[in-house]
Amino acid sequence: MKKFIAIALVALAPLSVFGQKFGNINSGEILPLMPEYSATLTELETLQKQYQEELEYMNTELQKKSEDYEKNRETLPDNIRQRREQELMDGSQKLNEYLQTCRANLDAKENELMSAVITKCQKAIQAVGEEGGYICIFDMAGGAVPFVNTTLTTDVTAAVKEKLGIK
């Protein structure tokens, strides 16, 4: 009897696969259409511009000091020349440190803002998956799935866009 049940289960198992639904989306098509995505890009561009302006200001000030030093270097006493050389080195180091800080802050802000956009999109995908009874929805833009036969899956990109209120 146990053999019969085992054989029946093995024979019927492949049939249960045919009733399952799989979907696919292209988040690369969805994300740029989200208003939050555009707002994120605008905010990042504004922040980047502010950092760029400050870096240009710092660089201009350092150049002025450097030009002044070069012009007067021969006439300066040793102790003043050494102090100004140290100021120039310190200024250059501060400029480099600020540049690194700007890059780190910009990356952190991008991660913070984009994670909110991605989370909203993922929640919409999950809602479409649950409402549509899908076992799995593959993201064609993610590159994590090397192959998806789109003839055997349903493209639910339009449903996710609708869930997000995007046309």
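Helices here are DSSP runs of at least four residues, numbered from the N terminus. In this predicted model, Asp-78 and Arg-81 both sit in helix 4, three residues apart, or about one turn of the helix. An α-helix has 3.6 residues a turn, so residues three or four places apart point the same way. Asp-78 and Arg-81 form a salt bridge, with their closest N and O atoms 2.7 Å apart. Asp-78 is partly exposed at 48% relative accessible area, and Arg-81 is partly exposed too, at 24%.

That pair is one case from a count of ten salt bridges. Another joins Glu-43 to Lys-109, with 3.5 Å between the closest N and O atoms. This one links distant parts of the chain, as Glu-43 is in helix 3 and Lys-109 in helix 4, 66 residues apart. Glu-43 and Lys-109 also belong to a salt-bridge network with Glu-112.

Lys-163 lies in helix 5 and Glu-131 in helix 4, so the pair ties together parts that are 32 residues apart in sequence. As for the rest of helix 5, its buried residues are Thr-157, Val-160, Lys-161 and Leu-164. Down the helix axis they fall within an arc of 100°, so they line one face of helix 5. They pack against strand 1, helix 2, helix 4 and strand 3, while the face turned away carries the exposed Ala-158 and Glu-162.

Finally, the largest pocket has a volume of about 180 Å³. Helix 3 and helix 4 each supply at least two of its lining residues, and the lining divides into four nonpolar, one polar and five charged residues.

Key:
Residues numbered from 1 in each chain as written. Predicted model: local features only at pLDDT ≥ 70, side-chain atom pairs only at ≥ 80, totals over all residues. Heavy atoms only, no water. 1 Å grid on protein atoms, 1.4 Å probe; cavity = no way out; pocket = protein on both sides within 12 Å on 5 of 7 lines; lining within 4 Å. Points joined across faces, edges and corners; volume = space filled by probe spheres on them. Nonpolar A, V, L, I, M, F, W, Y, C, P; charged D, E, K, R; others polar. Buried < 20%, exposed > 50% of the residue type's maximum accessible area, 1.4 Å probe, protein only. Arc of directions from axis to C-beta. Contact = heavy atoms within 4.5 Å. Salt bridge = Lys/Arg side-chain N within 4 Å of Asp/Glu carboxyl O.
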